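Let's take a walk through a protein chain, from its overall make-up down to a few residues worth a look. Keep the picture handy as you read.

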Amino acid sequence: MMLKVVVIRCVSLPNVEKFRGASDPFAKVEFRGIKKKTHKIKNNLNPEWNETLEFDLNGKPLTKNEQLDIQVKDWEMLQSSRLLGKVTVPLNDLMTSKTQELTMPLRDGHDKVSEAKISLSLEYQGAPPDPKQSSTKNESGGVIDDNDESTQQEGDNVEDSDDEESSPADEDRPASKPTAGTITVGGGKRRRARRLRRSKLSNKAQDFQVRIKIVEGRQLSGSNISPVVRVNVANQSRQTRV
């Protein structure tokens with residue numbers, strides 16, 4: 001996250017030099033206690049800096065009550081710099097617009113509006129979009145959530161090739177308890193959900209890769225056995241080590 005402040009120019013600054021030339025202005029910008037300043041321009045009451053000052057937000061987004069405090073001063077080598085004008089810039093609109101071009105009047109040391117003005121360009125670079133919230137359009141123009149399990153592309157879910165559509169009687173029959181050495185895939189409701197997902201899949205040909213991780217098997221029947229797992233997907237067969 002970043003806040004960029006481009007100090008473009010000032011016009012009609014007061015001349016505080018009594019004996020020689022004109023003011024030597026520079027701008028100082030403060031945000032969240034951090035102060036940055038432009039270079040000075042000597043002997044000029046209408047300076048153009050076009051200088052970018054960047055403030056790292058350190059992961060903290062802007063809030064509606066935050067603001068910039070800007071002072072324009074006359075540079076002095078041997079004594080304190082003298083105030084030429086100041087302005088406070090609210091940032092609440094920048095939260096939604098992300099960029100702003102501003103020209104604002106400066107106030108003098110007595111907090112009165114002066115003839116001097118300052119021009120600024122602001123840019124707020126917020127947090128990058130959350131990939132979990134990203135979405136794309138499908139072929140019919142609808143919006144597909146990339147993480148919606150019901151709209152994954154064909155091949156994203158590897159299912160047993162022997163899985164057949166169940167009859168209404170099978171779908172309503174209570175699921176039996178698994179016995180030793182068997183793996184339960186799911187009941188009628190899960191099959192209906194899979195068929196519903198298949199009906200939403202795209203028919204567009206594309207390349208993809210399926211990865212299956214075999215974790216463990218439990219309560220296998222028999223003794224002194226050397227079990228392996230064989231997986232068949234798209235006419236391809238793979239087998240685990242013994």
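A residue counts as buried when its relative accessible area is under 20%, and as exposed when that figure is over 50%, with partly exposed in between. E17, at 11% relative accessibility, is therefore buried. One thing to keep in mind from the start: this is a predicted model.

**The whole chain**

Now zoom out. The chain has three helices and 12 strands. Out of its 242 residues, 22% are buried. Its accessible surface is about 17800 Å², and carbon and sulfur atoms hold 46% of that. If you take the contacts with a separation of 6 or more, 55% of them are between residues 24 or more positions apart.

In soluble globular proteins, nonpolar side chains tend to be buried together. Here, the largest nonpolar core has 29 residues, and L3, V7, L68, V72 and I118 have the most contacts inside it. Which strands supply at least two residues each? They are β1, β2, β4 (48-56), β5 (67-74), β6 (82-90), β7 (99-107) and β8 (113-125). The top giver is β8, with five residues.

Pick out I118 and look around it. Skipping neighbours within four places in sequence, its contacts include V7, I70, V72, V87, L102 and L106. R9 and T103 are also among the residues that I118 is in contact with.

**Charged pairs**

Let's get back to E17. You'll find E17 in the loop between β1 (2-11) and β2 (25-31). Beyond residues up to four places away, E17 touches A22, S23, D24, D74, E76 and R82. One of those, R82, is also a salt-bridge partner of E17. That pair links distant parts of the chain, since R82 is in strand β6 and the two residues are 65 residues apart.

The chain has seven salt bridges in total. Here are three of them, with the N to O distance for each:

| Salt bridge | Closest N to O distance |
|---|---|
| R82 and E17 | 3.6 Å |
| R82 and E76 | 2.5 Å |

R82 turns up in two of those rows, with E17 and with E76. R82 is partly exposed at 27% relative accessibility, while E76 is buried at 13%. Salt bridges with shared partners join E17, R20, D74, E76 and R82 into one network.

What about E54 and K4? E54 has a relative accessible area of 35%, so it counts as partly exposed. K4 is partly exposed too, at 23%.

**A surface patch and a hairpin**

Is I214 buried or partly exposed? With a relative accessible area of 39%, I214 is partly exposed. I214 lies in the loop between α3 (188-199) and β11 (230-233). Together with I212 and V229, I214 forms a nonpolar patch on the surface, with about 220 Å² of accessible area in total.

Last stop: β11 itself. β11 pairs with strand β12 (residues 236-239) in the antiparallel sense, over four bridges. V233 has Q236 in β12 as its bridge partner. The two strands make a hairpin with two residues between them, and A234 in the turn has a positive phi of about 50°.

Key:
Residues numbered from 1 in each chain as written. Predicted model: local features only at pLDDT ≥ 70, side-chain atom pairs only at ≥ 80, totals over all residues. Heavy atoms only, no water. Contact = heavy atoms within 4.5 Å. Patch = residues over 30% accessible without salt bridge, like charges linked within 9 Å, V, L, I, M, F, W, Y side chains within 5 Å. Areas by Shrake-Rupley, 256 points an atom, 1.4 Å probe, with all protein chains shown as cover. Salt bridge = Lys/Arg side-chain N within 4 Å of Asp/Glu carboxyl O. Buried < 20%, exposed > 50% of the residue type's maximum accessible area, 1.4 Å probe, protein only. Core = buried A, V, L, I, M, F, W, Y, C linked by side-chain atoms within 4.5 Å. Pairing = 2+ DSSP bridges.
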